[in-house]
Amino acid sequence: MVRKIIQIDEETCNGCGLCVNACHEGAIEMVEGKAKLTKEDYCDGLGDCLPACPMNAISFIEKEALEYNEQTVISNKNKLPCGCPGTKSKVLKRENFAQSEFIPSRLPQWPCQIKLVPVNAPYFDNANLLIAADCTAYAYGNFHNDFIKNRITLIGCPKLDEGDYAEKLTAILKNNNIKSVNVVRMEVPCCSGLENAVKKALHNSGKFIPWQITVISTDGKILDNL
């Protein structure tokens with residue numbers, strides 16, 4: 001039968017796997033580092049995976065495809081162990097979200113962990129860089145709109161991660177045309193490690209890059225813009 005299902009552009013896909021978790025039916029799997037629609041009869045054509053893709057690699061298409069098999073999908077969900085994409089514990093009925101307003105993410109790239117980003121990623125070219133402590137996005141309610149919007153975002157926690165961020169950040173600043181650096185940290189002492197690493201990287205880069213530090217209190221207020 002001809003019906004609407006999703007298609008994934010493998011060349012555009014960056015292998016982040018976010019669509020796998022977003023697919024409530026378990027129709028998408030990671031195959032050799034790329035997302036693939038492996039079960040056409042599991043795809044209901046509603047497209048919950050589309051907004052999860054940071055690369056816009058997923059779109060709708062009408063084609064000859066197997067009919068959506070709801071009973072098989074439900075049976076498969078019941079068999080999956082807790083914590084896997086598409087499990088009953090993670091999948092809520094759509095009507096539970098009927099009154100919820102979808103708030104889009106402002107995150108423009110993936111990954112965003114300092115330890116994981118490639119030094120020469122194309123999104124660093126002419127970027128306004130946000131370097132933020134992990135906790136800031138949870139402490140400050142409007143973090144996406146006030147800080148992430150229109151910036152390439154890197155996050156980390158100097159207390160939890162091993163090693164010093166300065167070397168990686170220096171390489172990013174040296175090898176790319178960064179327009180500005182915005183550091184957002186918590187008021188707690190351990191966050192000074194992130195601030196110090198950025199200052200060291202700015203110095204070691206040998207470049208003059210405008211920078212700013214914003215400090216967030218534990219109750220979600222902006223304390224300083226330095």
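On a 1 Å grid over the protein atoms alone, a pocket is an open set of points with protein on both sides within 12 Å along at least five of seven lines, whereas a cavity is a set of points where a 1.4 Å probe fits but cannot get out; lining residues have an atom within 4 Å of a point. Grid points are joined across faces, edges and corners, and a volume is the space filled by probe spheres set on the points. The model is predicted, so local features need pLDDT of at least 70 and side-chain atom pairs count only at pLDDT 80 or more, while totals for chains, interfaces and linings use all residues. Residues are numbered from 1 along each chain as its sequence is written, and side-chain values use heavy atoms, with hydrogens and water left out.

The largest pocket holds about 650 Å³ of space. It is lined by 28 residues, and P104, S105, R106, L107 and H144 are the closest to its centre. The elements that give two or more residues to this lining are β5, α3, α4 and β6. Helices (H or I, at least four residues) and strands (E, at least two) are DSSP runs, numbered from the N terminus.

Strand β5 spans residues 127–133, and six of its seven residues are buried. Here buried means under 20% relative accessible area, exposed over 50%, and partly exposed in between, with a 1.4 Å probe and protein chains only. Two strands pair if DSSP finds at least two bridges between them. β5 pairs in the parallel sense with β7 over six bridges, and I131 has V183 in β7 as its bridge partner. With strand β6 (residues 152–156), β5 also pairs in the parallel sense, over five bridges; there A132 has I155 as its bridge partner.

The next topic is the nonpolar cores. A nonpolar core is a set of buried Ala, Val, Leu, Ile, Met, Phe, Trp, Tyr and Cys residues joined through side-chain atoms within 4.5 Å. The largest has 38 residues, of which F124, L129, L169 and V181 touch the most other members. Two or more residues come from each of β5, α4 (143–148), β6, α5 (166–175), β7, α6 and β8 (211–216). β5 gives the largest share, six residues. Contact means heavy atoms within 4.5 Å. L129 is in contact with F124, I152, L154, L173, I178, S180, V181 and N182, leaving aside its neighbours within four places in sequence. Another core, of 18 residues, lies apart from the largest one and includes I8, C19, C49 and I58.

The largest cavity contains about 90 Å³ of space. It is lined by 13 residues, and the closest to its centre are C23, E25, C43, D44 and C49.

T136 lies in helix α3 (residues 136–139). T136 counts as buried because its relative accessibility is 0%. Not counting residues up to four places away in sequence, T136 touches F143, V184, R185, M186 and I216. T136 and I216 are 80 residues apart along the chain, yet their C-alpha atoms are separated by 6.8 Å.

Side chains of opposite charge can pair when their charged atoms come close. A salt bridge is a side-chain nitrogen of Lys or Arg within 4 Å of a carboxyl oxygen of Asp or Glu. The whole structure has seven salt bridges. In one of them, E195 pairs with R185, with the closest N and O atoms 2.8 Å apart. This pair links distant parts of the chain: E195 is in helix α6 (residues 192–205) and R185 in strand β7 (residues 178–186), ten residues apart. E195 is buried at 10% relative accessibility, and R185 is buried with a relative accessible area of 10%.

E195 also forms a salt bridge with K199, where the closest N and O atoms are 2.8 Å apart. E195 and K199 are separated by about one helical turn because they are four residues apart in helix α6. K199 is partly exposed, with a relative accessible area of 36%.

E40 is in the loop between β3 (34–37) and β4 (58–64), and K63 is in strand β4, so that the pair links distant parts of the chain, 23 residues apart. E40 is partly exposed at a relative accessible area of 22%, and K63 is partly exposed at 31% relative accessibility.
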